[in-house]
Amino acid sequence: MNTLRFIFKLNNTCKYSTCLTSRRCEKYPQLATNHRPYCNVSPTTTIRTLRERESSLVLEYENGKELYFPHVWLRDNCQCKQCVDPSSLNKLIHLKHLNIHISTKTTELVSFGGSNEIRVTWDDGHVSIFPEEWLNRLSFQQKYEDRAVIIAKKKLWTRSSLDEVPSYNFNDILTNQNMFLDWLMSLVTSGIAVIHDAPTSYGAIREIADKISYLRKTVYGETFQVISKPDPSSIAYTTIALPQHLDQPQYTYIPGVFLMHCLQQTPHSGGESIFSDGLAVAQRIKETDPYSFQLLSETHMSYQDSGFEPAVGRFKIKSIHPVFQLDHHGNVEKFKWNDHTRGSEILIEWNKVKDYYRAMKLVYELLESEEFAFKHKLVPGELIAFDNTRVTHGRVGYTIPADSPSDIRELEGAYVDWDEIYSRIRVIAEELGVKNLNT
């Protein structure tokens, strides 16, 4: 029979060499631990008892809340150095050797001056120790949005609700880790941020990207010029107006963040950049036109791009996506939109095609409407970064007068992927001791 025991230990010495902690791993470095950041979810009440039910450990709290942790999951997620590599956090015990019918021999609640841990001795003799706050964070009853895998909640905006675009100094981003982290978090929450006082020469965009990790390379290179060309491979390299779009949806894995650096701006009328929050547009359609929302979420449409670039030669890139990509709660997590690279394949029944086009036109109209779209004319030395899976961008057309051929609009562009940004956020936050990012 399983034995439940409560052990209250008030000194700073832990006799369990397999102990996993979060806060105490820094306070008591003599403990053999694997450090997991963001174990910052503290229970609102205290544990009344531990008990077993249906091959699970149950934490029963004084307020009546019960958290269930299946034995097989607990054993699979033991964090001791025999089970997890402390450097890479990779598992050392593989599924091949995991007994899905494993049971506990004893479970103990160990208290260290207000911080609780649950010590489990398994029927095979192995010992695992789990901080209570770690279990709370990973509870199967915890809302998905509150888990630490989500860096921060996104704040949807319209032109009127976005009072001003978050703005940062170029040198501060490069030299101040707190400011750098704040800038990255603005990209996560608002999806857009401006860096001012950057050099007006090529290379500044790479300095920013290198501080994150590395640039995402496409057929257009690691960086690319956005400037009018006599024989353009893309309409971006012209002076005509561009409707709002997201870059490179023809890729299966779409670039995450677009970095756009202004080197020179036309002094004449036109040339403003236009931005809209695609997630806010999607939410509006979800609330006002559920049928169109369903079509845009379920129907896959092709995107394609072909041409010639010196670095790669001829290319033909093609993929297929829905306009709205949903998470498992049915909320839009990624938005994919480019009117110019839309292909001809639409995976839908013939008698719904007209409805689908009506839904796409609704997206277009909202993106370009005064309610959602705002304009900003970049000045030389400004670098604007935005979420390329969320924030659409376009351009007001402009002309280059015949008597002023040097009055051009010149930008340098590049991409960084979200996985690299999230990684950098977690590393910096851990270094700075910031834990409450998922709020």
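Colleague: In E4, which residue is the bridge partner of serine 56?
Modeller: This is a predicted model. Strand E3 covers residues 56–61 and pairs with E4 in the antiparallel sense, over five bridges. In E4, the bridge partner of serine 56 is proline 70.

Colleague: Which strands stand at the edges of the open sheet?
Modeller: The open sheet has three strands in the order E2-E3-E4, with antiparallel pairing. One side of each edge strand is left without a neighbour, because each has a single partner strand. The edge strands are E2 (47–53) and E4 (66–70).

Colleague: What does the twist average from one strand to the next?
Modeller: The strands in question form the open sheet E2-E3-E4. From one strand to the next, the twist averages 20°.

Colleague: Is glutamate 54 buried or exposed?
Modeller: Glutamate 54 lies in the loop between E2 and E3. Its phi is near 50°, a positive value in a residue other than glycine. The cut-off for exposed is over 50% relative accessible area. At 66% relative accessibility, glutamate 54 therefore counts as exposed.

Colleague: What is the phi of leucine 89?
Modeller: Leucine 89 is found in the loop between helix H2 (71–76) and strand E5 (104–112). At 28% relative accessibility, leucine 89 counts as partly exposed. Leucine 89 is not a glycine, yet its phi is positive, at about 65°.

Colleague: Within what arc do the buried residues of H6 fall?
Modeller: Helix H6 spans residues 204–212, and its buried residues are Ala204, Ile205, Ile208, Ala209 and Ile212. Seen down the axis of H6, these residues line one face of the helix, because they fall within an arc of 140°. An α-helix has 3.6 residues a turn, so residues three or four places apart point the same way. The arc for H6 is 140°.

Colleague: How are H5 and H6 placed relative to each other?
Modeller: The axes of H5 (residues 177–189) and H6 come within 12 Å and cross at roughly 95°. Angles of 65 to 115 degrees count as roughly perpendicular. H5 and H6 are therefore roughly perpendicular to each other.

Colleague: Which residues in H6 do Gln177, Phe180, Trp183 and Leu184 in H5 meet?
Modeller: Two of the buried residues of H6, Ile208 and Ile212, take part in the meeting with H5.

Colleague: With which side chain does the side chain of arginine 216 make a polar contact?
Modeller: Arginine 216 lies in the loop between H6 and strand E10 (223–226). Arginine 216 counts as buried because its relative accessible area is 13%, where the cut-off is under 20%. Not counting residues up to four places away in sequence, arginine 216 touches residues including Tyr251, Tyr253, Tyr415 and Asp417. The polar contact, at 3.1 Å, is with the side chain of aspartate 417.

Colleague: Which side chain does a polar contact of 2.7 Å join to that of glutamine 325?
Modeller: Glutamine 325 is found in strand E16 (residues 324–326) and is partly exposed, with a relative accessible area of 23%. Leaving aside neighbours within four places in sequence, glutamine 325 is in contact with Asn331, Val332, Glu333, Lys334 and Lys336. The polar contact of 2.7 Å joins glutamine 325 to the side chain of lysine 336.

Colleague: How many Å apart in space are glutamine 325 and glutamate 298?
Modeller: In sequence, glutamine 325 and glutamate 298 are 27 residues apart. From C-alpha to C-alpha, glutamine 325 and glutamate 298 are apart by 8.4 Å.

Methods:
Residues are numbered from 1 along each chain as its sequence is written. This is a predicted model: local features need pLDDT of at least 70, side-chain atom pairs count only at pLDDT 80 or more; totals for chains, interfaces and linings use all residues. Side-chain values use heavy atoms; hydrogens and water are left out. Buried means under 20% relative accessible area, exposed over 50%, partly exposed in between (1.4 Å probe, protein chains only). Helices (H or I, at least four residues) and strands (E, at least two) are DSSP runs, numbered from the N terminus. The arc is that of the directions from the helix axis to the C-beta atoms. Contact means heavy atoms within 4.5 Å. A polar contact is a pair of N or O atoms within 3.5 Å; within protein, one must be able to donate a hydrogen and the other to accept it, and residues adjacent in sequence count only if both atoms are side-chain atoms. Two strands pair if DSSP finds at least two bridges between them. Axes are lines fitted to C-alpha atoms, for helices over the stretch in contact, and angles run from 0 to 180 degrees between N-to-C directions. Angles under 35 degrees count as roughly parallel, over 145 as roughly antiparallel, 65 to 115 as roughly perpendicular and the rest as oblique.
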